Amino acid sequence: MNSMIKIKDLEKYYRTEEVQTVALNKLTFDVKEGEFVAIMGPSGCGKSTLLNIIGLLDDPDGGSFIFNGIEVAGFNERKRADLRKHNIGFVFQSFNLIDELTVYENVELPLIYTGVKPADRKKRVEEVLEKMQIMHRRNHFPQQLSGGQQQRVAVARAVVNNPKLILADEPTGNLDSSNGNDVMQLLTELNDQGTTVIMVTHSEHDAKYSHRIIRMLDGHKVTEDILV
Amino acid sequence: MFKNYFKIAFRNLWRHRLFSFLNILGLTVGMTACFLIFTYVNFETSYDNFHSKSDRIYRIVADLKTPTEVINGSGPSWAVAPHITEFPEVETAIRVMQNVILFKKGNVKFNEPEALFADPDFFTTFDFPLVKGDSKTVLTEPLSIVLSETLAKKYFGDEEPMGKTILLTGDQLPATVTGIMKDFPENSQIKGNVVVSMTTITKKFNARLNDQWANYSPYAYVLLKPGTDAIAFEKKLPGFLEKWNGKEMDQLQMYPTLFLEPMKDVYLRSTRGGFVTGNIKNVYIFSIIGFFIICIASINFINLTTARSAERAKEVGIRKVIGARKTQLVLQFIGESIIICMIAFILTIGLIALLNNSFNDLSGKVVSTGIFNNLQYVFYLLLVALGIGLLAGIYPAFILSSFKPVTVLKGRFATGANGNLLRKSLVVSQFAISTALVIGTIVVYAQMSFMRNQDLGFKKDQVLVIETNGDSGAKALKETLKGLANVNQVSLSGSVPATGNPSAYSEIENIKGELQKANLDLFFVDFDYIPLYKMEVVAGRAFSRDFMTDTTQAMVLNEAAVKMFGYTSSEQAIGKEFKQWGREGKIVGVIKDFHFQSLQQPIKPLTMRIEQGNMDYLSVSLNTSNLQSTLATIEKAYQKNIPNRPYSYYFLDEFFDRQYKSEEKFGTLFLNFSLLAIFISCLGLLGLASYSTMQRTKEIGVRKVLGASVPNILNLLSKDFLKLVAMSFLVAVPVSAYFMHKWLNDFAYRINLSWWVFALAMLIALTVAFLTIMFQTLKAATTNPTKSLRTE
Ligand SMILES: Nc1ncnc2c1ncn2[C@@H]1O[C@H](COP(=O)(O)OP(=O)(O)OP(=O)(O)O)[C@@H](O)[C@H]1O
Ligand SMILES: [Mg+2]
């Protein structure tokens, strides 16, 4: 299988007034298409930073990042936005739904930005909501849902565009274990259908759902556990 | 996509009802105020635009140079218009004179204060359309009358007025209705509801008037041929006067100069008076106020929107993660701001429609017949609303859309310090504008009150003035009134303060012993006048029945006149000689200067002399006990002695103050718009205060747990805002001081801009701001801290 993501000597610094924090330090690894990778490590080791760069939300300060054969390090904001909206779906620990929009509208939003026609949108959204078993709540607002339900909506929103890659940053962090397992189940199913998944987690239990665990410390990879 | 934006926009508006309300209210009020000002300014600048030939019509005005001064008069002498047509450049020349005329139709009397006498070309030169009659001939014959439609209806009802006879003046001359004209438009500098042919005067009464070069009176207009260079033409006028009148000028030592005022400039820009006068300064002042108000409203908008940006940061982050481009977000936020402006636009239209009549009342004339009669204005307003939406939306839109998703989604987002700085400077400018307007209002009102309460130098209270219009029954009426119980004194005169008075070519012996020529204001009075008005005699004596010669050979001067002829003390003037309008004699007394004109004018040199005929005004000094019955008795006496004229009277103090009507209107408008400006600024302040309080809920909670008292917290929260308001004061003071100083310069007698004006304005601004902030902060300061801490 081809590599979807090739990361080499990736660097990221944060400069505050006096100190310079090295968030990523010569990080190198690959992710193949269809893989399910978990990233683990202590708090502050640079996991979220890495995920943001892979998700094209942030630009690295050094090294190379090849996404689907294209060097994307140094892309401007607009190019990153265009690449992102067609290829990548995000799931966050804190769900990050838009409070002013209903469940249906939240899930519909990515399709609007990628310019899908209204009739097709309706079909896609309903399909996904059905799959996430949240169809009956389609006209509710996020505050009217439980955490587990909100995260299912977030997953629905992440996958509605059929992205090749899903990035999940502690997707179960705010959920109890039963809701957490549901979400992991969903991610596994998506992965089975061919979507590449990269997930940051603090839970060894959740990490077991993946094919491979990358362990990080102080901004670089220390070990790799191959599970399958 | 747009549907989604709309949805988000409306839900946001609803979720943040207070902010939306403040935003929309501020904008609506601001746009309404601005629009009303626009209609006012637009109306003021539209005077006489309706005359198709207005570019070629000029008003002829005259300066009169006497040995002592130059008088800026308005009308040229009677002979100018009939003779100026000798120039090939002149198409027509028309004299127009306004007069009070008494009309009698059958047994019904009508007193028309706005009657006009006009030369025959009146209707062919000006665009006052005739409904009936031929514009070329309606005013040719003496005793021809053209009635306005309204007046025709009033006099004749459904009867056909054309060709009917109406009796004119006390002499009851039969005049014929030769035409009916449309009522003059409101924005006409020439005011009148009936036009009588000028030939009535020049042919019937005084055939020599057309050749009188030293007799000044009516307004005069010329219509120049197309292509005439008015400035070049004006240069020919001195020669014209010299040719016709040179000899007389030298003999009288009175040298007139003629000027042409473009008709369109007369109303707003001429300083020489007119039927109605406007003031270009007021137009500028109001335009500036309008602009300020719309600025204040837009600033609110920007402030409230950016203040809330932190709350919307999460939404921005999510949209970006999902794939929104920056431009899409910018468009979304601008769109939202436009939606708010559109809501405000619709409300504004409604409010304007509601306020139309009150605004007309406030400005004292029919400035607008209603917004729906002027659809192009609705369109302009729409453009303005869109413009504000765009301009006020752009800044917040760029701020919001430039948030980095990585930062905001982490929740690390802090309200930017730079945004705060901008918001602060905007608040400062808002309050600076408002405070400047408050200062302006205080100055205008202080000046008004100063003028009303100024000692005018004569008794103006409890003096009833009856208009006798020179009727032959006036003297008999005076005798009757003298005998009434509650009447103290009665005096018959040609003028009373504020009515205006004639001026006369006079020669008075000066300090060097020569007869000095001058054109002097003149009051015709009787023996009772000076005592009735309690005017102070500073030298010599008042007129007295004890001196037989007083009726024909005596004159009283005011102090200004004494000074004019070089005397250093009033005593020196006593016994000096005078010649004036066929009379020769001696100065018998000097009275203290009194204000016979409004306080805008300096007190001019004045002469008084006894006249024994029937004059225009009967002043009656009253005892206020049983006022109602006294007034009724007076009216009855009037009807008996002057049966031919409708009874018309007023109290002198009210009448005198009526001269300040336009200043008063100006003051009221100024006050209203200042209130609006303050109101809108406070809306913004309220929004900001409630926002910052909301943001500091946790801080307040912690402080209270640590032992801060409610006043501590209030102090903490209000201090910043009050500092801003105080800063704005520093900006407002020099600006308003400069402009109000200029405004006050129009008044010969005026207040000084003293410190208390500014102190009061500062106090008002601080109080209003403090109350506004209190409203929000008190709530926060008194909440139980456990509540606010739990929200985190
Ligand atoms: N915006 C920022 N400014 C300065 N330093 C930052 C910023 N974001 C992250 N860092 C620093 O970079 C390092 C990596 O942060 P990152 O958020 O990637 O850690 P993480 O592995 O996701 O931690 P956690 O498991 O707690 O989420 C940390 O030391 C952090 O303090
Ligand atoms: Mg993290």
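The dialogue below takes these features in turn.

Q: What kind of model is this, and how are its parts numbered?
A: This is a predicted model, in which local features need pLDDT of at least 70 and side-chain atom pairs count only at pLDDT 80 or more, while totals for chains, interfaces and linings use all residues. Residues are numbered from 1 along each chain as its sequence is written, chains are lettered from A and ligands numbered from 1 in the order in which they are written, and side-chain values use heavy atoms, with hydrogens and water left out.

Q: How many aromatic pairs are there over all chains?
A: Rings of Phe, Tyr and Trp (its six-membered ring) pair if their centres lie within 6.5 Å; planes under 30 degrees apart are stacked, over 60 edge-to-face, and the rest tilted. By this rule there are 45 aromatic pairs over all chains. In one of them, B:Phe523 and B:Phe596 have ring centres 5.6 Å apart and planes at 80°, so this pair is edge-to-face.

Q: Where in chain B do B:Phe523 and B:Phe596 lie?
A: Helices (H or I, at least four residues) and strands (E, at least two) are DSSP runs, numbered from the N terminus. B:Phe523 is in strand E15 (residues 515–525) of chain B, and B:Phe596 is in the loop between strand E19 (583–591) and strand E20 (606–610), 73 residues apart, so the pair links distant parts of the chain. Both B:Phe523 and B:Phe596 are buried, where buried means under 20% relative accessible area, exposed over 50% and partly exposed in between (1.4 Å probe, protein chains only).

Q: Why does the pair B:Tyr638 and B:Tyr647 count as tilted?
A: The ring centres of B:Tyr638 and B:Tyr647 are 4.8 Å apart and the planes stand at 50°, so the pair is tilted. B:Tyr638 is buried at 0% relative accessibility, and B:Tyr647 is buried at 16%.

Q: Which residues do ring pairs link into a cluster?
A: The cluster consists of B:Phe458, B:Phe523, B:Tyr529, B:Tyr533, B:Phe594, B:Phe596, B:Phe656 and B:Tyr660.

Q: How do I read the buried residues of helix H4 of chain A?
A: An α-helix has 3.6 residues a turn, so residues three or four places apart point the same way. In H4(A), residues 118–131, the buried residues are A:Arg121, A:Arg124, A:Val125, A:Val128 and A:Leu129. Seen down the axis, they fall within an arc of 125° (taken from the directions from the helix axis to the C-beta atoms), so they line one face of the helix. On the other side of H4(A), A:Ala119, A:Lys123 and A:Glu130 are exposed.

Q: What covers the buried residues of H4(A)?
A: The cover includes helix H3 (103–113) and helix H5 (147–159) of chain A, contact being heavy atoms within 4.5 Å.

Q: Where is B:Asn510, and what does its side chain meet?
A: B:Asn510 is in the loop between strand E14 (503–509) and E15 of chain B, and is buried at a relative accessible area of 4%. A polar contact is a pair of N or O atoms within 3.5 Å; within protein, one must be able to donate a hydrogen and the other to accept it, and residues adjacent in sequence count only if both atoms are side-chain atoms. Here a polar atom of the B:Asn510 side chain lies 3.0 Å from the backbone nitrogen of B:Lys512.

Note on methods. Expected span 1.5 Å × (residues − 1).
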